[in-house]
Amino acid sequence: MNNLNYKDLLGIGQLSLETIKLILDTAESFKEVSIRDIKKVPTLRGKSVITFFYEPSTRTRTSFEMAAKRLSADTISLSASSSSMVKGETLIDTAKNLQAMNPDIIVIRHSSTGAPHLIARHVRAGVVNAGDGINEHPSQALLDLFTIREKKGRIEGLKVVIMGDISHSRVARSNILGLRKMGAEVTISGPPTMMPDKAESLGVKVVNDPREAVKDKDVIMVLRIQLERQGKNLFPSLREYAAYFGVNGNVLKYAKDDAIIMHPGPVNRGVELSSEVADGPRSVILDQVTNGVAVRMAILYLLIGGLRVGNVD
Amino acid sequence: MNNLNYKDLLGIGQLSLETIKLILDTAESFKEVSIRDIKKVPTLRGKSVITFFYEPSTRTRTSFEMAAKRLSADTISLSASSSSMVKGETLIDTAKNLQAMNPDIIVIRHSSTGAPHLIARHVRAGVVNAGDGINEHPSQALLDLFTIREKKGRIEGLKVVIMGDISHSRVARSNILGLRKMGAEVTISGPPTMMPDKAESLGVKVVNDPREAVKDKDVIMVLRIQLERQGKNLFPSLREYAAYFGVNGNVLKYAKDDAIIMHPGPVNRGVELSSEVADGPRSVILDQVTNGVAVRMAILYLLIGGLRVGNVD
Amino acid sequence: MNNLNYKDLLGIGQLSLETIKLILDTAESFKEVSIRDIKKVPTLRGKSVITFFYEPSTRTRTSFEMAAKRLSADTISLSASSSSMVKGETLIDTAKNLQAMNPDIIVIRHSSTGAPHLIARHVRAGVVNAGDGINEHPSQALLDLFTIREKKGRIEGLKVVIMGDISHSRVARSNILGLRKMGAEVTISGPPTMMPDKAESLGVKVVNDPREAVKDKDVIMVLRIQLERQGKNLFPSLREYAAYFGVNGNVLKYAKDDAIIMHPGPVNRGVELSSEVADGPRSVILDQVTNGVAVRMAILYLLIGGLRVGNVD
């Protein structure tokens with residue numbers, strides 16, 4: 001079929017360990033394209049990539065577009081707000097209409113869990129889930145895995161803590177799945193109201209206190225507090241969240257010296273992360289953004305699969 | 001001048017029978033580009049296509065952009081809502097400003113009848129009418145003609161019924177003009193309030209009852225009920241429209257077995273068309289979308305006219 | 001570093017006379033690209049240009065995009081309104097995130113004076129100020145200088161009047177700086193409420209009456225009255241502005257026969273400029289738009305600086 005042996009990238013849950021490694025290895029070979037003098041390879045010339053975002057996200061959309069353009073694919077960007085296609089039209093009809101224009105890949109973000117999966121079943125094009133509800137955000141997890149491996153040399157055996165609103169975070173969910181598959185030990189941390197009901201079934205430990213949670217960890221992944229997504233009753237105020245659960249210099253004293261700090265962005269400075277930490281020497285937040293382009297190049301390339309891996313111009 | 005002998009494509013009314021056939025034949029040769037492994041020909045490399053939509057339309061805009069990109073043209077997409085160009089500026093000034101940047105084609109959709117014609121008189125670039133008010137939508141009619149010819153082998157002598165709000169539909173108007181030129185026999189059908197005053201002068205028959213209207217027809221073209229465009233007093237409710245004028249399995253019993261069902265999209269399922277019919281074996285709705293890209297490639301190619309027809313790389 | 005010896009183009013204030021001349025000369029060699037049959041050179045192939053507009057501006061954004069595409073650069077267009085990147089994120093964070101995707105140029109428009117300068121200090125990419133608050137709009141001034149030189153053969157020694165709301169106009173400010181550097185004599189004109197406090201320190205003369213102001217001038221540059229930007233109390237009404245300060249046929253009687261009329265667009269017809277004047281033989285308004293693409297090609301090319309000047313394919 002293609003180099004990924006999947007038509008779509010819908011979630012980390014679907015991927016074998018070998019596939020995850022293939023994506024990370026491929027991304028490694030693509031990373032240098034973005035620092036070349038000519039930041040472009042002809043690999044996907046004549047391929048069409050549609051980005052269709054039902055929720056706004058400049059960061060992820062731009063990263064996918066940049067990835068597609070650096071592979072010489074054509075990109076068309078649709079947003080639900082500007083889309084009359086959506087008026088009175090079912091999601092499946094929209095998908096079938098896009099398919100009828102013969103794109104190679106449809107990158108979709110949707111507020112409903114499972115929307116990309118539904119679309120994937122009705123189109124021949126490869127579908128990339130760029131975030132569906134509170135379910136999965138696989139390209140984010142893959143770029144996080146890539147960044148961890150790049151900084152730490154490995155993932156297996158590492159101790160990782162994910163901090164914040166775990167129960168409403170697709171980033172957390174995809175990362176937990178990916179980190180567990182790659183053999184990392186995962187702890188989650190945050191207010192009890194933000195922890196999933198059955199954390200044990202995810203194979204993670206729960207430690208509420210942030211100081212205790214960061215102890216002995218190799219990777220400290222802090223999530224964005226998404227005021228727009230959750231109800232307001234999960235914690236009393238931003239100030240209280242910052243005081244009790246924010247990651248700042250005081251919390252970091254309890255962490256290992258070589259722990260890396262990650263965040264999917266955009267950072268709410270002074271809420272979940274203090275500026276001191278976000279801009280500190282252990283922060284790899286901007287590396288994550290850089291690696292995002294490389295990982296998405298790998299995803300597009302492997303899904304379209306015109307060439308053999310390693311055969312990058 | 002170019003292969004079309006017109007600077008612009010403003011309406012089906014302007015086109016000779018030979019020109020329509022030239023466009024359909026050219027589209028036929030472009031259709032296979034979109035199913036190639038490399039979906040791109042260098043035909044319009046170095047040409048600039050501006051899409052300027054004063055009314056939102058993801059479907060048509062995406063189709064034109066896809067067509068332009070598959071011909072290797074550069075595309076720039078403007079929308080009136082994001083456009084400060086429009087603030088306090090006349091339509092002609094906007095057009096002259098766009099012209100000053102030397103585009104080759106301006107694709108425009110506007111809520112006012114005649115807006116593309118006005119622009120066409122003030123610019124050197126080719127102007128493509130992508131829908132003006134309730135006047136014309138020529139690329140839609142051309143892709144419909146293409147689809148009919150593809151499915152039926154011919155257009156001349158066919159019996160076609162167009163069903164819905166004929167008097168407010170630019171799709172109906174362009175199709176009636178095109179079908180009549182190509183020698184089809186056209187019937188229109190729908191509530192009396194939605195029929196044009198002088199149907200006879202258009203060379204069409206009027207049959208209100210849908211069951212009678214579909215009888216003996218080769219092509220059943222159902223229009224979208226555009227709630228946003230018309231007043232609400234043309235029919236009492238959507239439910240009543242669906243019951244009395246919707247095309248469903250019961251209506252289709254009166255049609256020929258090999259009649260094809262067309263719809264310009266997006267479909268209001270359960271209103272003008274039942275799902276049973278929209279998804280049924282006689283439906284060619286998604287073929288219309290696919291053919292739309294090919295027909296728009298032909299339009300752009302012929303208007304720019306850098307190469308002789310047939311000389312597609 | 002590159003051919004401009006600057007990483008960024010932030011304002012005319014920063015540019016030496018030699019640099020301005022280099023940009024204008026380079027633009028001259030690029031101007032013919034836009035009238036070629038194939039309007040494209042491979043000069044910036046594999047380079048990425050991000051346009052990021054916090055204020056809407058189709059005209060300037062389209063001009064930059066057209067310029068980038070005609071140089072074969074990849075373009076990605078962001079707007080603040082559609083940007084979740086901006087939510088709860090500082091301008092510097094946004095800039096660093098964009099940088100992490102390795103663009104070559106970031107073109108930015110922002111309502112705050114100094115925003116592009118702030119960004120420029122935090123990114124490796126070249127930053128082009130496409131208008132910041134009431135401070136500068138350097139690419140507009142450069143295209144104006146280009147147009148003056150093209151029409152008049154020189155700039156040194158010319159008499160130029162800039163008319164309108166000088167104190168709130170970044171176009172006026174950039175032009176005054178550029179014209180003075182190039183050796184032109186500059187007069188400003190308009191209601192006293194719209195004149196800057198210390199006009200003399202800018203090296204310009206103030207003449208309120210428009211008929212007196214246009215006398216003996218080689219260039220009459222009329223600014224757009226920006227109702228959206230200023231308070232309403234600078235003049236009683238548009239009608240009164242038009243009557244006392246609008247440039248119309250009556251005012252033009254006092255001007256030299258070979259004076260050229262300029263305007264940055266979009267024109268408020270009948271307010272700051274009558275149609276008679278805007279469309280008259282002395283108007284070079286549309287030449288400004290055409291030259292804008294060439295000047296922006298030169299800016300992008302010189303900032304990226306992959307090739308030696310003159311070595312345009």
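Student: Why are H3(A) and H4(A) called oblique to each other?

Tutor: Bear in mind that this is a predicted model. Helix H3 (residues 91–100) of chain A and helix H4 (residues 115–122) of chain A pack at an angle of about 50°, with their axes 9 Å apart. Angles under 35 degrees count as roughly parallel and 65 to 115 as roughly perpendicular; the two helices are therefore oblique. As for handedness, H3(A) passes H4(A) in a right-handed crossing. On the side of H3(A) the contact is made by Leu91(A), Ile92(A), Ala95(A) and Lys96(A), and on the side of H4(A) by Ala115(A), Leu118(A), Ile119(A) and His122(A). These residues divide into 6 nonpolar, 1 polar and 1 charged.

Student: What makes H2(C) largely enclosed by the rest of the structure?

Tutor: A residue is buried if 20 or more other C-beta atoms lie within 10 Å of its own. In H2(C), 13 of the 13 residues are buried, so the helix is largely enclosed by the rest of the structure.

Student: How do you know that the span of helix H2 of chain C agrees with what it should be?

Tutor: At 1.5 Å a residue, the 13 residues of this helix (residues 58–70) should span 18 Å, and because its end C-alpha atoms are 18 Å apart, the two values agree. H2(C) is followed by Ser72(C), which has a positive phi, near 70°.

Student: Which element gives the largest share of the side of chain B that touches chain C?

Tutor: Between these chains, 22 residues of chain B are in contact with 25 residues of chain C. The largest share of the chain B side, 4 residues, comes from H3(B).

Methods. Residues numbered from 1 in each chain as written. Chains lettered and ligands numbered in written order. Predicted model: local features only at pLDDT ≥ 70, side-chain atom pairs only at ≥ 80, totals over all residues. Expected span 1.5 Å × (residues − 1). Buried ≥ 20, exposed ≤ 12 C-beta atoms within 10 Å, placed from the backbone. Axes fitted to C-alpha atoms, helices over the stretch in contact; angles between N-to-C directions. Parallel < 35°, antiparallel > 145°, perpendicular 65-115°, else oblique. Left-handed = near helix turned anticlockwise from the far one by under 90°. Contact = placed C-beta atoms within 7 Å. Nonpolar A, V, L, I, M, F, W, Y, C, P; charged D, E, K, R; others polar.
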